[in-house]
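Trainee: Could we go through this model together? I would like to start with the side chains and then move on to the strands.

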Amino acid sequence: MIKFFFHPTPNPAKVALALEEMGLEYQIVPVDTRKGEQHAPEFLKINPNAKLPALDIDGDVIFDGNAIRLHLAQLSGKFGVSDTVKSTDLLSWMMFIATGVGPYSGQAVHFLRMAPEDLPYAKNRYLKEVQRHYRILDDRLGQSAYLAGSTYSIADMSMWGWARAAGFIMEGGLDSYPNVKRVFDEISARPAAIAAEGLKEKHTFKQEMDEEAKRAMFPQNY
Ligand SMILES: N[C@@H](CCC(=O)N[C@@H](CS)C(=O)NCC(=O)O)C(=O)O
């Protein structure tokens, strides 16, 4: 049985999509990051980085969404390397998202919406980097049906997670990136994506970004 340590935020959403697409059975273990549950000693044994997502697969623990998607693709034999998806392309685009789109999007949200001070330099730096990364994705998807080749793969699933939140970072969301939008809309209409989005309704998570939530999520400020 797969235990899926989950919070309804972009990185766990990509793993939810992969589990659903691959038809793997899983059980949700909610971890409420706004209540600080990611710092609990028992969760740190699962992910010492105190973040979601993580999985426990019959006692084997794996953390980090990118590691998880690569592992699940190997395990299921689905949505990974194939006749239509080269390993070099898959790894390049997965890592481009893992080290670029993901972290820059996270920092953009932080400085645009969460930081306790208004820091125009940081806001501009991260926003421009997010836009630069989306331009690269858009150019790629102008030349290739999907990121890693002619079929849908875990690289596209990686893109989907943060693309859901593009409008939270960039005015107009994906409007300036029509090729990204094409693939994003196609994935969002899939039953697996609808099921992944529906997970947030199945558990109650704290909504308020109050003092308790800020202490849990931005401990460096205290
Ligand atoms: N590289 C990690 C990043 C994970 C990550 O940043 N997760 C966020 C949710 S999207 C989180 O758990 N935040 C809670 C916190 O920072 O305290 C991955 O892809 O899994």
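**Rings, cores and strands**

Mentor: The charged end of Arg 164 sits over the ring of Trp 160, at 5.2 Å from the ring centre; a charge sits over a ring here if NZ of Lys or CZ of Arg is within 6 Å of the ring centre and within 35 degrees of the ring normal. Please keep in mind that this is a predicted model, in which local features need pLDDT of at least 70 and side-chain atom pairs count only at pLDDT 80 or more, while totals for chains, interfaces and linings use all residues. Residues are numbered from 1 along each chain as its sequence is written, and side-chain values use heavy atoms, with hydrogens and water left out.

Trainee: OK, and which ring does the charged end of Arg 113 sit over?

Mentor: That of Phe 168, with the charged end 3.9 Å from the ring centre.

Trainee: How many aromatic pairs does the structure hold?

Mentor: There are ten aromatic pairs, where rings of Phe, Tyr and Trp (its six-membered ring) pair if their centres lie within 6.5 Å, and planes under 30 degrees apart count as stacked, over 60 as edge-to-face and the rest as tilted. One of the pairs is formed by Phe 79 and Tyr 152, which are edge-to-face, with 5.4 Å from centre to centre and 70° between the planes. Phe 79 lies in the loop between helix 3 (65-76) and helix 4 (87-114), and Tyr 152 in the loop between helix 5 (120-143) and helix 6 (154-163), so this pair ties together parts that are 73 residues apart in sequence. Helices (H or I, at least four residues) and strands (E, at least two) are DSSP runs, numbered from the N terminus.

Trainee: Is Tyr 152 buried or exposed?

Mentor: Tyr 152 counts as buried, at 10% relative accessibility; buried means under 20% relative accessible area, exposed over 50%, and partly exposed in between (1.4 Å probe, protein chains only).

Trainee: And what about Ser 153, what does it touch?

Mentor: Ser 153 lies in the loop between helix 5 and helix 6 and is buried, with a relative accessible area of 0%. Not counting residues up to four places away in sequence, Ser 153 touches Phe 79, Val 85, Leu 90 and Ala 148, contact being heavy atoms within 4.5 Å.

Trainee: Changing topic, which residues touch the most other members of the largest nonpolar core?

Mentor: They are Phe 4, Leu 17, Leu 55, Tyr 134 and Leu 137, in a core of 57 residues, and the largest share of this core, eight residues, comes from helix 4. A nonpolar core is a set of buried Ala, Val, Leu, Ile, Met, Phe, Trp, Tyr and Cys residues joined through side-chain atoms within 4.5 Å. Apart from that core lies another, of six residues, among them Phe 5, Val 31, Phe 43 and Ala 54.

Trainee: What is Leu 55 in contact with?

Mentor: Leaving aside neighbours within four places in sequence, the contacts of Leu 55 include Ile 2, Phe 4, Val 15, Leu 19, Ile 62 and Leu 72.

Trainee: Why is strand 1 described as largely enclosed by the rest of the structure?

Mentor: Four of the five residues of strand 1 (residues 2-6) are buried, so it is largely enclosed by the rest of the structure.

Trainee: How many bridges does strand 1 make with strand 2?

Mentor: Strand 1 and strand 2 (residues 26-30) pair in the parallel sense over five bridges, two strands being paired if DSSP finds at least two bridges between them. The bridge partner of Phe 4 in strand 2 is Ile 28. With strand 3 (residues 54-57), strand 1 runs antiparallel and is joined by four bridges, and Ile 2 stands opposite Ile 57 in strand 3.

Trainee: Last one, where does Lys 35 lie?

Mentor: Lys 35 lies in the loop between strand 2 and helix 2 (41-44) and counts as partly exposed, at 44% relative accessibility. The C-alpha atoms of Lys 35 and Asp 210 are separated by 9.8 Å, although these residues are 175 apart along the chain. Leaving aside neighbours within four places in sequence, Lys 35 is in contact with Lys 206, Glu 212 and Ala 216.
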